[in-house]
Amino acid sequence: MTIAQVSEKYNISADTLRYYEKIGLIPPVNRRESGVRDYTEQDCNWVEFIKCMRAAGLSIETLTEYVSLFSKGDKSLQQRKNLLLKERELLKFRIQSQQAVLKRLNKKIELYEKNLVNYEKKLLKKD
């Protein structure tokens, strides 16, 4: 796949894909004779993984560390697992925080809705 196709498929800009490759978040992508990047299924799997982890809030630094560990093979399995366990705990905390924010927003919206209903009732009484 070309960079444009991968960009469209994963809704990531071509610049971001180039950046991810440059800093080592995805392995170097093979190129055609013309110099155009030619993404394999494995490359796309990396793109999908990185996009998913970024959406979960993992930092570029954490992902760079993960990819570096991955390149060391099986001897880094426990380190990679530990890194992911730590990130899972951080994600759980962020989700709990966001749930608290959502609860507060819902209460605030509920107050507005009650006030609107009361205001409308007052308007109808004037008629």
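This report describes the overall form of a predicted model and then a few of its residues.

**Overall form**

The protein contains 5 helices and 0 strands. Followed along the sequence, the pattern reads α-α-α-α-α. The protein is more spread out than a compact globule, because its radius of gyration is 24 Å, well over the 14 Å that the globule rule gives for 127 residues. The C-alpha trace spans about 80 × 40 × 20 Å along the principal axes.

Of the 127 residues in the protein, 25% are buried. The accessible surface amounts to about 9,800 Å², and carbon and sulfur atoms hold 54% of that surface. Among contacts with a separation of 6 or more, 43% are between residues 24 or more positions apart.

**A nonpolar patch**

Val101, Leu105 and Ile109 make a nonpolar surface patch of about 260 Å². Ile109 lies in helix 5, which covers residues 77–126. The relative accessibility of Ile109 is 45%, so this residue counts as partly exposed.

**Cysteines**

A disulfide is a covalent bond between the sulfur atoms of two cysteines. The count for this model is 0 disulfides. Cys44 takes part in none, and the nearest cysteine sulfur to its own, that of Cys52, is 15 Å away.

**A loop residue**

Asn11 sits in the loop between helix 1 (3–10) and helix 2 (14–22). Most residues other than glycine have a negative phi. Asn11 is not a glycine, yet its phi is positive, at about 55°. Asn11 counts as exposed, because its relative accessibility is 68%.

**Accessibility of the residues discussed**

| Residue | Relative accessibility | Class |
|---|---|---|
| Asn11 | 68% | exposed |

The classes follow from two cut-offs: buried means under 20% relative accessible area and exposed means over 50%, with partly exposed in between.

Definitions and conventions
Residues numbered from 1 in each chain as written. Predicted model: local features only at pLDDT ≥ 70, side-chain atom pairs only at ≥ 80, totals over all residues. Heavy atoms only, no water. Patch = residues over 30% accessible without salt bridge, like charges linked within 9 Å, V, L, I, M, F, W, Y side chains within 5 Å. Areas by Shrake-Rupley, 256 points an atom, 1.4 Å probe, with all protein chains shown as cover. Salt bridge = Lys/Arg side-chain N within 4 Å of Asp/Glu carboxyl O. Helix = DSSP H or I, 4+ residues; strand = E, 2+ residues; numbered from the N terminus. Buried < 20%, exposed > 50% of the residue type's maximum accessible area, 1.4 Å probe, protein only. Rg over C-alpha atoms; globule rule 2.2 N^0.38 Å. Contact = heavy atoms within 4.5 Å. Disulfide = S-S within 2.5 Å.
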